[in-house]
Amino acid sequence: MKKLILISATVLSLSVSAVYAHTANITVHQANELYTRLAAENRGVNYDNAFGYQCVDIPGDLTLNYVGKPIYGNAIDLLDSARAAGYEIVPADRSPRVGDIFVMDAWPLYGHGYGHTGYIWQVNPDGSFETVEQNVGDDANLYYGTPARLVHRTRDYMLGYIRLAYQK
Ligand SMILES: [Ca+2]
């Protein structure tokens, strides 16, 4: 009887972790390579073929082309979209990890309500992090966007993080 209980506990914990079963078909190292190279080569991704290189195209590209469970909307919508699609959401008061997608409030820095998002390729010892982002900077625009760039971020204005699982 005791053994049976142990087994069912194991099955239960397996099914709980399977809630976030959206594992990318690449390693986090490969994801880092993919997106930092875009920035190094002044290129971008445009996963929806709309409005050029917007910030949401990086999370869109990653979740559509490397996980197969795409998330949609403006950046400000991505936490809800990702939660509905079954991704793990990490609240803003916790530390991000390499491979996470950040979602931030765009009002304080950029003066609009669409939010902003990007890919985290490095987390620093002081809690700040290094990102790849599209359509960021003085030439950002909502019509055709701008290519990927490397950006340094702190946790200021962050609304949360979308945590993907990657191949080991
Ligand atoms: Ca686009």
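Reader: What covers the buried residues of α2?
Author: This is a predicted model, in which local features need pLDDT of at least 70, side-chain atom pairs count only at pLDDT 80 or more, and totals for chains, interfaces and linings use all residues. Residues are numbered from 1 along each chain as its sequence is written. Helices (H or I, at least four residues) and strands (E, at least two) are DSSP runs, numbered from the N terminus, and two residues are in contact if their C-beta atoms, placed from the backbone, lie within 7 Å. The cover of the buried residues of α2 includes β1 (23-27), α3 (57-65), β4 (116-123), β5 (129-133), β6 (149-153) and β8 (165-167).

Reader: Which residues of α2 are buried?
Author: A residue is buried if 20 or more other C-beta atoms lie within 10 Å of its own, exposed if 12 or fewer, and partly exposed in between, with C-beta atoms placed from the backbone. In α2, the buried residues are Ala31, Tyr35, Leu38 and Ala39.

Reader: Why are they on the same side of α2?
Author: The arc is that of the directions from the helix axis to the C-beta atoms. On the other side of α2, Arg37 and Ala40 are exposed. The buried residues Ala31, Tyr35, Leu38 and Ala39 share a side because they cover an arc of only 105°.

Reader: Is Asn25 buried or exposed?
Author: Asn25 lies in strand β1. Beyond its neighbours within four places in sequence, Asn25 is in contact with Tyr66 and Gln167. Because 11 other C-beta atoms lie within 10 Å, Asn25 counts as exposed.

Reader: Over how many bridges do β5 and β6 pair?
Author: Phe129 stands opposite Arg153 in β6. The sense of the pairing between β5 and β6 is antiparallel, and the number of bridges is five.

Conventions
Pairing = 2+ DSSP bridges.
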